[in-house]
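I opened this entry to record what I looked up in one chain. The notes go from the overall fold to single residues.

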Amino acid sequence: MAEPYVRKLSTILLDAVTDKDPLVQEQVCGALCALGDAQPAEALRACEEYLWQHEKLAHPYRTMILRAMETVVSGHISELDKDVARAVIFLASSEMTRAKELVCDWQQAASNVLVAVGKRFIGKVMEEVLSKFQPGALPHYYVVQTLANLAASNVFGMVPFLTSILSTMLPMLGMAKHDTMRVAFCCALQRFSESTLEYLANLDQAPDPTVRKDTFASDIFSAYDVLFNHWMQSREAKLRLAVVEALGPMSHLLPSEKLEEQLPKLLPGVVALYRKHAEAFHVSKSLGQILEAAVGVGSRTLEAQLDLLLAALHAQICVPVESSSPLVVSNQKEVLRCFTVLACCAPDRLLAFLLPKLDASNERTRVGTLQVLRHVINSAAPQMEVKKPFILSSMRLPLLDTNTKVKRAVVQVISAMAHHGYLEQPGGEAMVEYIVQQCALPPESEPRKLAPDSEDLPEDGVRAISISTLYLVSTTVDRMSDVLWPYLLEFLTPTRFTGALTPLCRSLVHLAQKKQEVGADAFLIQYDGNGALPSPYAITTRLLTVSSHPYLGDGRGAASLRLLNVLHRNIHPLLGQRWATTIPLLLEHLDEHTEETLSQKEWEEKLLAFLRDTLTVVSDNTWTCQLSLEMSKQLPCYNGIAQEKNFLYKCIGTTLGAASSKEVVRKQLQELLETARHQEEAEREGLACCFGICAISHLDDVLAQLEDFMRSDVFRKSTGIFNIFKDRNENEVEKLKGTLILCYGHVAARAPRELVLAKVESDILRNIFQYFSTKDPALKLCLVQSVCMASQAICSSAQANSFHFSRKAELVAQMMEFIKAEPPDSLRTPIRKKAMLACTYMASLEPALEEHVQADLIHSCLHSVLPVLPEPEGEDDHQESLYLDTMRALEGLLTGLLRRNMTPQGLQIMVEHLSPWIKSPRGHERVRALSLSACLLRYFLEHLHVSALVPFHNLGLLIGLFSPRCADLWPATRQEAVSCVYALLYLQLGYEGFSRDYRDDVAERLLTLKEGLVHPDSAILFHTCNSIAQIIAKRLPPEQLISLLLTMFEGLGDPDRNCSRAATVMVNCLLKERGNMLQEKVGAGPAGVLLPLCSHFERVCLMCDVARWHLVPTDALVGCHFPSCPDRPWQGSS
């Protein structure tokens, strides 16, 4: 870029600086900086010349130009030559001191330019600045400020000048009368001291390695005297803080004897500032520097100040930390730094002061003390080494503290202890247990929102930090491996640590892998002398059980399975190879799902299959029996956790099934029956599952044990019953019976089918029958559930077709009694559903039910289910679900009965049962009846097999029943009615010989019309009904028309006004569409055809006021020229 062009462009930009729009000003400054990046020297010269040429330019605009210059200089200092640097220095110096009064933005910008140039051209800058820093006269404020900033930015360049600067400055201190100037001198002295200390700390890199601290000692002490003895007494808080900030680094440069002499006054003086300043950061920082200086010179007077210092510092650490205030947080860091200094020089005094405060009543005192303790454990490790037992013993009280903030602080202390070998000492295990206890805290479901300045910590915060601590200590602190392994295994089985299982398993997996790397022997658990460790059986049982609900507790299922996998050699030496294949498949299944998508039943089956496979690989009866005993032993641990206990019962059944010792199997089954909590429904179900699974391998033993239990004293009502049952009351006995009945049901459901058929009536149902007289709803439910399972087991057997169920009628009658006993207007239990399911299974077995029994069954079920009042929408999802399940059971029963008679007559029988409900005055009954009808018709259609072309003789009757409901008051009923007509038309096509996949264009129009029936407008509704009648007319066989019209005439008297009108519309349409066919029949024999039609229509007219319903079929009939009947004169007028 050509030089003149840069000048011209710079001038244009500089002229634009004075624009009134702040955005334009900002963009101009950005453009100047960009130009400076391209041509730094030219841009700087342009700015310099512009400022000289425009001396009257207002200082805000001068400030902007100076800031742009600083940016360019800072970015390109290495590219500047001496001439440009000299010009910039002279300009900046002039700009900085042109105004005697303070114009902060302008003068600060000029000072910053000088500091930026001074990073490379320190000599030239100092030459210019010192020319304005002459003895005998107070310099400009920003001259002093610039010297201070130069000392901070260029240590090696400035320190050689400090001797002369200090000698010139010291007399000026007495001349400074204004606090502003004094603050500037304090700031300069602070920076000079800090630069000197940095210089001395890096002498190997310094230009003059001969510089010594003594060089500055005398001048610094003189300055110290003025600052501490005079200026620090000022009422101006800003000056006092500036003084104390300077005193910190200055104390390191004081002569040793002078510092020792001043400490008795200096330390109390600085500490006293805590009471005068709310923000104590600068005081604490300075105090820490003074303490370091005192310790550095081996001060003997420091000990006398310890009580004062400890009390003041402890008070500061106990100040609540506000997250919105960085200075308060920084202050705490500086205070902790002070404690580190004191811990290094006086550890005994420090601990004697701190540890008693762990028992203080004030929460902040306890928390603050723990913070200090954690800090000194980390920062003063050598001094604390011999104090480890003392510190550990002092933690007994904090471990019992229930305060959340104290808990968090304790966890942090224990974390520090772990890194420094404390937990290897006696008493260290208590610290590990404490961490695990905090990991086991229940997570908050909805963490409460905290204010930004709040110190409150949610319970989950303690848990989160404990989990993190346990994992970090396990994985990053090598010395902790021997402490934690195998000790952490002790926490796997106690239920109070359930919440900590996931972090425990993750830590144990890492520890186990580290031990495996060391060697196989180091990895194997040594039980000798360590009786508290859980056995392999206990570990297997616990980890398998908690895996049944894998997403609880931050994914404890996957964590447990991974630990189980890594412990395979400790569980059993034969399992390694098999588990290396099977466990990853289980983990993969969990990865593919979430808590919402995982099928609980499928997952449990996978775990049980894994257990069966494990038992097969081990193939050791002793090991299997020990595992089953441990499983039974752990059952009480899951009291109140129904789902996991239920799964554990299944595991016991699976394990007993693999045991070859019949004696052990029967003994354990007996103990399970005796110790189970029969009052709890979930436990009864779980125990029954256990017996069912065990019966897969031990059917005879399971049935024998149940028989023995039934004959035992448990069920006697006398007061002399022995053992644990002597105090059982009658209610408990009923619960016991429920368990027993469920056991029989599950045995029937799970045992091998070929064995069950031989025993289902003689051993299973025989024992269930004696309890049918009960009035207890819970026992009834157990009975119908068991009968249902037994019936299903029979049906699913390969020999079901040849099985003669001799007690079938008796069982069906009993199920009907249960159904009839249920309240008809409400649904609270699944008894109806289960009983209907049982009847469904039994209906398919031989012998067939007698006709009157079947009719009574259908009648009872319909009267028990259809009248139930619907629940208000959205009020009770459980009730809604129960009703839907019950309706599905009813559908299944009706279709099962229909399956036994797949003929038009069989279909007619079903519809006749539903007909009263289809015409019910209650809408919910009509819609349910139509829904069932549609379901039956679909089933009949799907399973239709026509071997010869036979007529569907009752088509007209059925269509006449359903079609008027297309105008029902309820939209759902209307749509179900169309579905029925649709299915009937396709049934007719089937009987005519069409294939099942044939689609008829006329019939398919019904599906389109079905959508229009949702519309409430009567004109649209009846127009749709007319269209439906047209479709019926086109597909109805001629011989069915009379029966359809006769049925339709009955519809004219329907109490539902909409349906009677629909019947009118449809009759009219049918007569118009098919009237010719009727005329042909008249020609063939009028009396035989018309007499029934006329008679029927006359009867309907007598039943209802035709005029009131606005019926018009008579006109249509007259239009067909029907002759009068000789024995029944009837005029074709309304």
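**Overall fold**

I counted 54 helices and zero strands in the protein chain. I checked the radius of gyration next: it is 48 Å, well over the 32 Å that the globule rule gives for 1134 residues, so the chain is more spread out than a compact globule. I note that the model is a predicted one. Along the principal axes, I read a C-alpha trace spanning about 150 × 85 × 50 Å.

I then looked up burial and found that 56% of the 1134 residues count as buried. For contacts between residues at least 6 apart in sequence, I noted that 76% join residues at least 24 apart.

**The α47 and α49 pair**

I looked at how α47 (residues 971-991) lies against α49 (residues 1018-1035): their axes come within 11 Å and cross at roughly 10°. An angle under 35 degrees counts as roughly parallel, so α47 is roughly parallel to α49. On the α47 side I found Arg974, Val978, Val981, Leu985 and Gln988, which meet Leu1021, Ile1028, Ile1031, Ile1032 and Arg1035 in α49. I sorted the residues of this contact into seven nonpolar, one polar and two charged.

**Cis peptide bonds**

I noted a cis peptide bond from Trp485 to Pro486, with omega near 0°. Pro486 sits in the loop between α25 (481-484) and α26 (501-518). I also noted that the bond from Glu846 to Pro847 is cis, again with omega near 0°. Pro847 belongs to the loop between α41 (831-843) and α42 (851-865).

**Positive phi**

I looked up Asp554, which is not a glycine but has a positive phi, near 60°. Asp554 is in helix α29 (residues 552-566).

I placed Ser619 in the loop between α32 (600-618) and α33 (621-634). Ser619 counts as exposed because its relative accessibility is 61%, and the cut-off for exposed is over 50%.

Methods:
Residues are numbered from 1 along each chain as its sequence is written. This is a predicted model: local features need pLDDT of at least 70, side-chain atom pairs count only at pLDDT 80 or more; totals for chains, interfaces and linings use all residues. Side-chain values use heavy atoms; hydrogens and water are left out. Axes are lines fitted to C-alpha atoms, for helices over the stretch in contact, and angles run from 0 to 180 degrees between N-to-C directions. Helices (H or I, at least four residues) and strands (E, at least two) are DSSP runs, numbered from the N terminus. Angles under 35 degrees count as roughly parallel, over 145 as roughly antiparallel, 65 to 115 as roughly perpendicular and the rest as oblique. Contact means heavy atoms within 4.5 Å. Ala, Val, Leu, Ile, Met, Phe, Trp, Tyr, Cys and Pro count as nonpolar, Asp, Glu, Lys and Arg as charged, and the others, Gly among them, as polar. The radius of gyration is taken over C-alpha atoms; the globule rule is 2.2 Å times the number of residues to the power 0.38. Buried means under 20% relative accessible area, exposed over 50%, partly exposed in between (1.4 Å probe, protein chains only).
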